[in-house]
Amino acid sequence: MCGTCKTSGSAVVGNNSCDGPHGACDAMGSESGSGTVGDGSCIGRGACYLAGRSGNAVIGSNSCKGDNSCVSAGETSGAATIGDNSCDGKEACMGLGQGSGKTASIGNDSCNCENCCTCLSGDAAVYISDNSCNVLGDDQCCKDATTPGTFITGTPPTFNLQDYTVPAPVCEITDDDNVKCDFTNILPATGSLAYSI
């Protein structure tokens with residue numbers, strides 16, 4: 001059932017999806033964009049309105065349920081991927097991945113409350129893992145609709161090691177032209193060391 005589905009562009013809609021007043025999926029994937037909606041998703045007033053318009057939006061199953069829950073996700077040369085059972089709640093993921101070059105990737109079972117992840121809509125890159133940010137709070141994605149919390153939501157943090165000295169491994173070229181390195185006494189007792197040659 002695609003109650004008020006008026007997708008004038010490239011959109012694929014699953015069963016029992018895109019149902020609600022004010023065009024739950026109106027303009028999804030229009031203007032050379034694309035949109036994909038899983039089963040039982042985009043339910044509510046304007047739930048996925050404009051999602052993927054001149055951008056890209058991929059919405060899993062049983063997601064984006066609630067008024068304006070995923071409105072404008074992946075719109076205007078942006079990209080948004082929302083997992084299964086996520087972004088359920090009024091304005092839960094509104095505007096994520098909206099704007100030129102912006103991206104949002106929401107895992108499964110995440111961002112399930114009113115305004116749970118909307119405060120991140122202006123971020124260039126949003127990554128939220130599975131089972132995360134299902135309440136508002138200081139240690140969550142958002143404290144409220146406009147204020148980010150302390151939960152790390154972008155690309156993994158990097159560390160500046162210019163003030164540290166890490167000994168080089170002993171490496172040799174083997175008879176079969178491969179490189180073999182010995183990291184004995186270099187790797188930390190806990191954790192790991194990333195390297196490239």
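Modeller: The torsion about the S-S bond of C18 and C25 is about -75°, so this disulfide is left-handed. The model is a predicted one, in which local features need pLDDT of at least 70 and side-chain atom pairs count only at pLDDT 80 or more, while totals for chains, interfaces and linings use all residues. Residues are numbered from 1 along each chain as its sequence is written, and side-chain values use heavy atoms, with hydrogens and water left out.

A disulfide is here a pair of cysteine sulfur atoms within 2.5 Å, and the structure holds eight of them. In general terms, such a link is a covalent bond between the sulfur atoms of two cysteines. For the bridge that joins C18 to C25, the S to S distance is 1.9 Å. C18 has a relative accessible area of 0% and is therefore buried, where buried means under 20% relative accessible area, exposed means over 50%, and partly exposed lies in between, with a 1.4 Å probe and protein chains only. C25 counts as buried too, at 0% relative accessibility.

Another bridge joins C111 to C117, with an S to S distance of 2.0 Å, and it is left-handed, with -85° about the S-S bond; C111 and C117 are both buried. The disulfide between C133 and C141, at an S to S distance of 1.9 Å, has a torsion of about 70° about its S-S bond and is therefore right-handed. Both of its cysteines, C133 and C141, are buried.

Turning to the loops, T118 lies in the one between β5 and β6 (125-128), where strands (E, at least two residues) are DSSP runs numbered from the N terminus, as are helices (H or I, at least four). T118 counts as buried because its relative accessibility is 6%. Leaving aside residues up to four places away in sequence, T118 touches E91, A92, C93, M94, C142 and A145, a contact being heavy atoms within 4.5 Å.

K102 sits in the loop between β4 (79-82) and β5 (103-106), and with a relative accessible area of 23% this residue is partly exposed. Its contacts, again not counting residues up to four places away in sequence, are with G78, A79, G97, S121, G122, D123 and A124. The C-alpha atoms of K102 and V126 are separated by 8.3 Å, although these two residues are 24 residues apart along the chain.
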